[in-house]
Amino acid sequence: MHFQKRRAGTKQEIPTSSMPDIVFMLLLFFMVTTTLREVDVLVQFKLPEAQAIEKIENKRLISYLWVGKDKRIQINDSIVKLEEVEPIMYGKRQVLPNVIVSLRIDQGVDMGLVMDIQQALRKAYCLRVNYSATLKI
Amino acid sequence: MIKKKKLQEASIPTSSMADIAFLLLLFFLVATVIDVDTGLGLTLPEYVPPEERVEIKVDPERLVAVLVNEQGDVLIDGEIVSIFQIKNLIKPKLLARVEMPLNKKIIVSLKTDRKTIYNQYIAALDQIKLAFFEARDEVSLGRFGKRFKDLTTEQQDQMKDAVPIIISLAEPEQIK
């Protein structure tokens, strides 16, 4: 006798024709969300650790100020002198009135410099600051 | 007899499109930095030139003066403590003044030496902020049975009125 194997009539393949579309959608998502680093950080720094940290919700308001191990100050793309902080920040405040200055300061810097920067920020009316810190575990 | 040339069907091979797309996708996956900016927020006091400064007397009961020297020793109201004790010293004072009006709330004044290491300053500021946050949490647990971050916006505002974060940075002294 000849037995005919019974097979389900359905195909056993996963339809892959729409896979490129799905992948392209993912791709687009990542392309849109990626912000390639706009500024080169020229100073070396290690952020301090803290527990009571908050997130800054509005990223567009942030303006960064770096202070490295060697006490050099960087704003935007260039190393600046302490005296230049005030006019630069004043200019930034004119563009963005409620700017938040994120201070990325190396943990070993002494407070004298930090105080001087703070005084400059106060004179420039950039009063909202955020001492950048990483979460202490 | 003219043989009709068989036209080859024009088609772009699309089978490798997925691979190419995956490659691109991988690149962007790797290159994406979803970094959140975290840190300790603070609002600096407005700058007033020295000749225009007006001294306002603050009730000494309200004021908690935290002084950090260059060795990292902390002085709170004349007592030498370690940095990690700051939180536990400030919190009871905050909790004691929950029901009082705004002009009776605790002001924490933080002052450092010019030679203090930045890390110490952040540690001290962290402790002070923790004291405020934990006080808020405790009060909101008592009032609403929830933590501060789980409250609604109005309740949070109410809590912010009960325990406002007032941190004052002492005016730096002139260099001797």
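This is a short tour of the structure, one selection at a time.

Before you click, know that this is a predicted model, where local features need pLDDT of at least 70, side-chain atom pairs count only at pLDDT 80 or more, and totals for chains, interfaces and linings use all residues. Residues are numbered from 1 along each chain as its sequence is written, while chains are lettered from A and ligands numbered from 1 in the order in which they are written.

**Stop 1: chain A as a whole**

Select chain A and colour it by secondary structure. You'll find 3 helices and 8 strands, in the sequence pattern α-β-β-β-β-β-α-β-α-β-β. (Helices, H or I with at least four residues, and strands, E with at least two, are DSSP runs numbered from the N terminus.) Now zoom out: the C-alpha trace spans about 100 × 35 × 25 Å along its principal axes. Chain A has a radius of gyration of 26 Å, but a compact globule of 137 residues would have one near 14 Å. (That radius is taken over C-alpha atoms, and the globule rule is 2.2 Å times the number of residues to the power 0.38.)

**Stop 2: the sheet shared by both chains**

Next, show the strands of chains A and B together. Which order do the strands of the open sheet follow? The 7 strands run β2(A)-β1(B)-β7(A)-β6(A)-β3(A)-β4(A)-β5(A), with mixed pairing. At the edges sit β2 (54-55) and β5 (78-80) of chain A, each pairing on one side only. (Two strands pair if DSSP finds at least two bridges between them.) Strands of a sheet pair through backbone hydrogen bonds, either parallel or antiparallel.

Pick out residues 128-132 of chain A, strand β7, which is joined to β1(B) by 5 bridges and runs antiparallel to it. Here Ser132(A) has Gly39(B) as its bridge partner.

**Stop 3: strand β6 of chain A**

Select residues 100-105 of chain A. Are these residues of β6(A) buried or exposed? 6 of its 6 residues are buried. (Buried means 20 or more other C-beta atoms within 10 Å of a residue's own, exposed means 12 or fewer, and partly exposed is in between, with C-beta atoms placed from the backbone.) Ile100(A), Ser102(A) and Arg104(A) are on one side, with Val101(A), Leu103(A) and Ile105(A) on the other.

Look at the neighbours, too. β6(A) pairs with β3(A) in the parallel sense over 6 bridges, and Leu65(A) has Leu103(A) as its bridge partner. β6(A) also pairs with β7(A) in the parallel sense, over 4 bridges, with Ser102(A) opposite Asn130(A).

**Stop 4: where the chains touch**

Show both chains again: 44 residues of chain A are in contact with 37 residues of chain B. (Contact means that C-beta atoms, placed from the backbone, lie within 7 Å.) On chain B's side, α1 (17-31), β1 (38-43) and α3 (118-144) each supply at least two residues. α1(B) gives the most, with 9 residues.

**Stop 5: helix α2 of chain B**

Finish by selecting residues 86-96 of chain B. In this helix, Ile86(B), Lys87(B), Ile90(B) and Leu94(B) are buried. They sit on the same side of α2(B) because they cover an arc of only 80° around the axis.

Technical notes: Two residues are in contact if their C-beta atoms, placed from the backbone, lie within 7 Å. The arc is that of the directions from the helix axis to the C-beta atoms.
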